[in-house]
Amino acid sequence: RWVISVQIEYPQQLVDQVEAAIKDRPLMGFVPGAGPNHPAVMLVGEAPGRSETDSQVPFSGTSGKELIKLLEEIGLSRATVHITSVVRKRPYSVKVVTDKKTGQRVTKYPNRTPTKKEVLAFGPLFDWELKTVTPQVVVPLGNTSLQRLLGPEAKIGDLHGQVLHQSVLETRPDHQGYQMGTTPYYIVPMYHPAAFLYARRLEPTVRADWQAFGKWLKEQHLMAQ
């Protein structure tokens, strides 16, 4: 059903360190990043959702299908890019609701946005993945991943579709925050594909951003063959 790229294998010591940091947090599953090393493009999402936790494939849910369409329209594919996110477990909330058919109280566990503390807890794992994969272009999808890379002032509404060239934030050795790294990357912030599923007015903007990105990749001779 899926063209599954090679899943990345994280050092066990880093995984254990993250698990210790999040042990009391409402997070479930673990979905590794997937794709080739040293690709032209690395896509960075927020966190896995229910679909991803079930399939173990990043961006395999509804928004993932939209993302793959956008990639294919500019000549990329799941197999040619590396796909990951800044948090590798599914953040969930606990909600008790009344079932309309039965009238019974049921507990649900919907997805939620990861907290800044959760993003920081996964920081060393993300830093390692970025340095190991060594993409030429990093595409943060939405504010959570953009701000992990560039800081809280960065907003997708301001920066979407722009080509930046700079280093990104990495976790400080004491794990108490971030510091600016030294390796520069091309960074092209994009709206998360879920954004235009919820706000259809964004769709023309999102499509235009991706078309311009595809053109830029070709001009830079960065398009995977």
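In the predicted model, threonine 107 is located in strand β6, which spans residues 105-108. The relative accessibility of threonine 107 is 41%, and the residue therefore counts as partly exposed, a class that lies between the limits of 20% and 50%. Leaving aside residues up to four places away in sequence, threonine 107 is in contact with Val94, Lys95 and Val96. Between threonine 107 and glutamine 220, the separation amounts to 113 residues in sequence and to 51 Å in space, taken from C-alpha to C-alpha.

The largest nonpolar core comprises 56 residues. Within this core, the residues with the most contacts are Val41, Leu43, Val139, Trp210 and Phe213. Helix α9, formed by residues 203-219, supplies the largest share of the core, namely five residues. The surroundings of one of the core residues, leucine 43, were examined individually. When residues up to four places away in sequence are not counted, leucine 43 touches Leu67, Leu71, Val81, His82, Ile83, Thr84, Val139, Leu141 and Trp210. Two of these partners, Val139 and Trp210, are themselves listed among the core residues with the most contacts.

Helix α9 also packs against helix α3, which covers residues 62-73. The axes of the two helices are 9 Å apart and form an angle of about 40 degrees. On the α3 side, the contact is made by Glu66, Leu67, Leu70, Leu71 and Glu73, while α9 contributes Val206, Arg207, Trp210 and Gln211. Classified by residue type, the contact of α3 with α9 contains five nonpolar, one polar and three charged residues. Leu67 and Leu71 of α3 and Trp210 of α9, which take part in this contact, also touch leucine 43.

The loop between α2 (50-55) and α3 contains glutamine 56, and phenylalanine 59 is found in the loop between α2 and α3 as well. Each has a positive phi value despite being a residue other than glycine: phi is near 65 degrees for glutamine 56 and near 50 degrees for phenylalanine 59. With regard to accessibility, glutamine 56 counts as partly exposed because its relative accessibility is 29%. Phenylalanine 59, by contrast, has a relative accessible area of 9%, which is under 20%, and is therefore buried.

Note on methods:
Residues numbered from 1 in each chain as written. Predicted model: local features only at pLDDT ≥ 70, side-chain atom pairs only at ≥ 80, totals over all residues. Heavy atoms only, no water. Core = buried A, V, L, I, M, F, W, Y, C linked by side-chain atoms within 4.5 Å. Buried < 20%, exposed > 50% of the residue type's maximum accessible area, 1.4 Å probe, protein only. Helix = DSSP H or I, 4+ residues; strand = E, 2+ residues; numbered from the N terminus. Contact = heavy atoms within 4.5 Å. Axes fitted to C-alpha atoms, helices over the stretch in contact; angles between N-to-C directions. Nonpolar A, V, L, I, M, F, W, Y, C, P; charged D, E, K, R; others polar.
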